[in-house]
Amino acid sequence: MNYGFVIDQERCIGCHTCAVACKIENNLPDVVWWNRILTDGGAEMDIPAGEFPNTTIEYVPVNCQHCENPACTKVCPVGATYKDEETGIVHQDADKCIGCRMCMSACPYTGVRSFNWDEPTHVLDMNIGGVDAPEHQKHTVEKCTMCSHRVAKGEEPACVEACPARARFWGDLDDPNSEVSQIIKKRSFKQLLADEGTKPSVYYVG
Amino acid sequence: MTDMTSAAAAAPINVSQNTEQQGKKASASWKSTGLTVGIIVCGILTIAGIALWAMQLSGSMIQTGMRNLDSWGLYITFFMFFVGLSAGGLIISSVPKAFGIKGFGGISKVAIMSSIACTIAAIGFVVVDLGQPTRIWELFVFSNIGSPLMWDIIVLGTYLILSCFYLWAQMAHERGRVSDKALRVLSVIALLCAVMVHSVTAWIFGLQQGREMWHTALLGPWFVSSALVCGTALVICVVEALRKVGYLSLDQAYIVKLAKLLGAFVCVDLYFFACDLLTEGFPGAHGADVVSMLVSGQLAPFFWIEVVGCAVCAVICFTPKLRTNPLIVIASLLAIVGILCKRIQLLVGGFQLPNLDYVGALSPQTITNWEAGWTDAYAGMVYWPTPLEFGVMLGVVALAGLVFLLGIKFLALQPGDKIQAESEK
Ligand code: SF4
Ligand code: SF4
Ligand code: SF4
């Protein structure tokens, strides 16, 4: 089994709902985003590329790519980040992480890993989201877990469920009949930084 | 010039005068007020550094300049730098013994002592960089043998133990307790270990496929050459200083020999740099960004200090007229500063060019200069350390100084009788 995502960039409206759903489900600290909606061309977020009136904007939702050949897991000295061969999920164990940040240097996908540089704080003074979502610890690295706590219960990741444009799909890429496999069979797709050799499990169609 | 000739002339006289005292000196500790002051200053700085490190841990690492998109900083820069410095000493003292060629007079033990001190600093820099230093034990329990960091920890630990053992063996050898053959075997092992340490440190960076600037096969040999440059330069500085204060006396010919060696190493290092720049830049793709960032971009000051400094160093080392003691020391310092600049280029350069050239939400933990916005965060150097980091860095460097000075004070690191006799011939 190899779980992965398909993101339909033609449908994505750049609403950041998946980013927020992720934040809520996983009780992310204030400054942490595991899933970010990036735009290209402009100097800042949501600024289109090109000269008016010939402008374009591309929304690229980016979370951990749960690579088939992850760069991060190889370099972690204590195995705090590791690939689950059963599901293809790249896990992150905050209790084990020694905070050496080897993985952050190794991962080619700029910014999918974040380190808790400060004591994690939350606007609300209670925990929100999944009861079994991971804890957040100061001075450890964290990232998208593919909502492994939900997947274990047979649910879809929170970001997929929440997307109002139905632009996110999730499923087993090894199963030729799964929705994700069907989409990438029919439509042209790209993978981020495919030439890095990490074999990302996120496919962008559109 | 007059200075130099008189120093050269004075040296042999010193030697013969010292030989008799050597035996006594060897066991008694060496006394000097300057040394005591040095030890106290280093001690205070080390304690201050530890206090600041405690602050960094109990407060948090948000007090450093490091952020998610530039997740290593001053500490790892100095880690690389000190691993490099530690090489020279061990290599300079082991190469002559390993290959049975004539050495550099009696500086062998001082050189190893400098290696030990620098290795301790290198380990110290990794430790202060960790977010969870109390979990260090996990490295030995859950070791992921595939991780270059794990290799480095194993090799660095071995290197430290081996250096200490090697120092002991040399001292024992002088007292006739270790045979020539055993010392020679040990020298070969020490040499191999020194080369390993540098290659493995290079691989921490060079095996990271995600960073254009680091991912090159040349990085291993290049680290070894840089280590030779700054290690030799350090040994020259240390020996000159110890000569000045009268701790040891050494024939000028040895210094000249070291200087020539330094010149050769500097040239090899510059050659590697040129090869790397050409290979990166020639295809004109992403690698061209690396070249322009170095030559005319954000890292240009460090690039040019390195290139010019190393070139000047080579000129001094190769021109007999310029090889006076003060100039040799200046050349060595230029080489050390040059290599430090190279470490800075390498570390910051790895983060200066993001792989995913998209923009998104910024938070105080995204990037050092986040308030300025995406464009400005990358306009200058993407990372600059905070005063806290400089303080902790000083503390670790002082720790190395402390170890070295204590070695000078309590161990008999002066040339032993055998070598002394050799240098008299
Ligand atoms: S995207 Fe980065 S963090 Fe995620 S699996 Fe791939 S290499 Fe690892
Ligand atoms: S920071 Fe944590 S997860 Fe990342 S490599 Fe180090 S120990 Fe592993
Ligand atoms: S799979 Fe879960 S953890 Fe990953 S981005 Fe989506 S919501 Fe966040």
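This is a predicted model: local features need pLDDT of at least 70, side-chain atom pairs count only at pLDDT 80 or more; totals for chains, interfaces and linings use all residues.
Figure 1. Of the strands in the next view, β8 of chain A covers residues 168-172, and β10 of chain A covers residues 202-205.

**Figure 2. Open sheet of 4 strands in chain A, in the order β8-β1-β10-β9.** The pairing in this sheet is mixed. β8 (168-172) and β9 (189-190) of chain A are the edge strands; each has a single partner strand, so one side of each has no neighbour in the sheet. Within the sheet, strand β1 (residues 3-8) and strand β10 (residues 202-205) of chain A run parallel and are joined by 4 bridges. Ile7(A) stands opposite Tyr204(A) in β10(A). Helix α6 (residues 179-186) of chain A lies across β1, β8, β9 and β10 of chain A. The helix runs at about 110° to β8(A).

**Figure 3. Strands β2 and β3 of chain A, an antiparallel pair.** 4 bridges connect β2(A) with strand β3 (residues 59-62) of chain A. Strand β2 of chain A spans residues 36-39. From this strand, Arg36(A) and Leu38(A) point one way, while Ile37(A) and Thr39(A) point the other way. All four of these residues, on both faces of β2(A), are buried.

**Figure 4. Backbone geometry at Pro53(A), Cys147(A) and Lys199(A).** Most residues other than glycine have a negative phi, and most peptide bonds are trans. Pro53(A) is in the loop between β2 and β3 of chain A. The peptide bond from Phe52(A) to Pro53(A) is cis, and its omega is near 5°. Cys147(A) has a positive phi, near 45°. Its place is the loop between β7 (141-142) and α4 (148-151) of chain A, and Cys147(A) is buried, with 6% relative accessible area. Lys199(A) also has a positive phi, in this case near 50°. Lys199(A) sits in the loop between β9 and β10 of chain A, two of the strands in the open sheet of Figure 2.

**Figure 5. Nonpolar surface patch on chain B.** Val37(B), Val41(B), Leu45(B) and Leu394(B) make up the patch, with an area of about 310 Å². Helix α2 (residues 33-58) of chain B gives the most to the patch, contributing 3 residues. Val41(B) is found in this helix. Val41(B) has 41% relative accessibility and therefore counts as partly exposed, a class that lies between the 20% limit for buried and the 50% limit for exposed.

**Figure 6. Gly407(B) in helix α14 of chain B.** Helix α14 spans residues 387-410. Gly407(B) is buried at 4% relative accessibility. Not counting residues up to four places away in sequence, Gly407(B) touches Met113(B) and Leu413(B). Gly407(B) and Met113(B) are 294 residues apart along the chain, and their C-alpha atoms are separated by 6.8 Å.

Definitions and conventions. Residues are numbered from 1 along each chain as its sequence is written. Chains are lettered from A and ligands numbered from 1 in the order in which they are written. Side-chain values use heavy atoms; hydrogens and water are left out. Two strands pair if DSSP finds at least two bridges between them. Contact means heavy atoms within 4.5 Å. Axes are lines fitted to C-alpha atoms, for helices over the stretch in contact, and angles run from 0 to 180 degrees between N-to-C directions. Patches are made of residues with over 30% relative accessible area and no salt bridge: like charges are joined within 9 Å, nonpolar side chains (Val, Leu, Ile, Met, Phe, Trp, Tyr) within 5 Å. Accessible areas come from the Shrake-Rupley method with a 1.4 Å probe; for residues, only the protein chains shown count as cover. A salt bridge is a side-chain nitrogen of Lys or Arg within 4 Å of a carboxyl oxygen of Asp or Glu. Buried means under 20% relative accessible area, exposed over 50%, partly exposed in between (1.4 Å probe, protein chains only).
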